[in-house]
Amino acid sequence: MVGPMANTTDVLSDTSWHFWNSWHALDILYVIIIIVLTFVASKLVDRFINHQFEMASRRMDVDETAYRMIRHTSVALVYVFGLVLIIMRFPTLQNLSFAIFAGAGFLGIVVGLAAQSTMSNIISGVSLAIFRPFRVGDRVNIRDDYGKISDITLRHTVVKTWDNRRLIIPNHVISDEAIINWTIEDPTVCWPIDIGISYDSDIDLARKIMVEEGRKNKNTMSFSELRKYDKKFSDDDVSVLLTGLGDFSVNLKLFVWLRDRSFAYGAGCEIREAVKKRFDKEGIEIPFPYRTLVYKKDLIAEKSYIGQKEGKEDF
């Protein structure tokens with residue numbers, strides 16, 4: 001190989017050979033001490049920032065998302081500082097670093113391509129901390145999963161799902177996703193519950209039962225509670241709409257307001273069960289498909305019987 005890259009390669013090889021042959025016991029001890037001190041310092045910085053956040057959160061409303069980003073960044077800087085101390089200890093290692101930077105033309109392209117995904121995640125992580133489409137503790141729907149944002153790092157976001165799974169999503173991926181955030185401004189949620197009744201049942205009675213059972217649930221918000229969140233709120237706190245006429249049922253949809261998305265699924269199941277029990281008592285039928293099964297042998301017997309009957313009539 002000829003040209004600048006050949007010279008850079010020769011410098012790297014020569015410098016690295018001198019570096020590894022110049023190590024002494026004190027140098028090894030120094031590196032071990034710096035590594036241990038860096039690890040301890042990162043833990044102390046992490047605990048210090050965590051303690052400061054807890055103190056600040058007692059006095060005022062502090063956003064945990066920004067705090068976590070500062071915490072992860074500070075710990076990363078401690079590790080970078082420890083690496084710099086090790087490099088500054090050895091002149092040969094400094095020369096190796098200068099030699100690497102001297103050949104940064106080609107090497108920079110290779111490293112840049114390799115680190116493209118990492119840099120994209122870091123930039124997206126900083127963007128998420130600044131613009132805050134979601135925060136730590138927010139409840140979200142993402143990729144057909146419901147869960148709570150438990151952590152936002154420089155590389156990825158952690159979502160704790162309702163069944164206690166952990167979704168580890170790279171920041172550049174989650175920043176491009178369409179996310180339903182149930183918490184970002186108003187935690188209350190209007191939750192729909194679909195219930196069908198038969199065509200022979202009394203719609204007004206069914207609506208009355210559904211409204212009563214919807215209001216009885218402990219997680220359902222009253223009209224006065226909803227007005228605290230929105231002074232312009234003027235709709236019914238619990239309502240029932242007829243949404244369709246199906247093949248076998250009259251389809252009704254019950255709407256209830258709940259304090260938080262975390263209560264919605266469980267409250268919906270409780271209300272649906274309570275409505276079913278009231279329907280049974282009040283004589284409201286929840287329909288199911290009716291099917292008539294006809295066996296081929298019965299069709300043959302019926303045709304034979306009709307044929308014999310017609311023959312006797314002709315006679």
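Modeller: Happy to! A nonpolar core here is a set of buried Ala, Val, Leu, Ile, Met, Phe, Trp, Tyr and Cys residues joined through side-chain atoms within 4.5 Å. Keep in mind that you are looking at a predicted model. In it, the largest nonpolar core has 22 residues, and M210, L254, V256 and F279 have the most contacts inside it. Several elements build this core, each supplying at least two residues: the strands β6 (189-197), β7 (238-245) and β8 (250-258), and the helices α8 (203-216) and α10 (261-282).

Now zoom in on V256. Leaving out neighbours within four places in sequence, V256 is in contact with V189, C190, W191, I193, G214, T220, D237, V238 and I271. Apart from this core lies another one, of eleven residues, including V140, V159, L167 and I169.

Next, turn to N171, in helix α7 (residues 171-174). N171 counts as buried because its relative accessibility is 0%, and buried means under 20%. Among the residues N171 touches, beyond those up to four places away in sequence, are N121, S124, G125, L128 and R155. N171 and R155 sit 16 residues apart in sequence, with their C-alpha atoms 6.0 Å apart in space.

Finally, look at residues 28-49. The unreviewed UniProt entry annotates "transmembrane region" for 28-49, 70-90 and 96-115. In the model, the span 28-49 is 100% helix and 0% strand, and its end C-alpha atoms lie 32 Å apart.

Definitions and conventions. Residues are numbered from 1 along each chain as its sequence is written. This is a predicted model: local features need pLDDT of at least 70, side-chain atom pairs count only at pLDDT 80 or more; totals for chains, interfaces and linings use all residues. Side-chain values use heavy atoms; hydrogens and water are left out. Buried means under 20% relative accessible area, exposed over 50%, partly exposed in between (1.4 Å probe, protein chains only). Helices (H or I, at least four residues) and strands (E, at least two) are DSSP runs, numbered from the N terminus. Contact means heavy atoms within 4.5 Å. UniProt positions are given in the numbering used here, feature names are shortened, and annotations may be inferred rather than shown by experiment.
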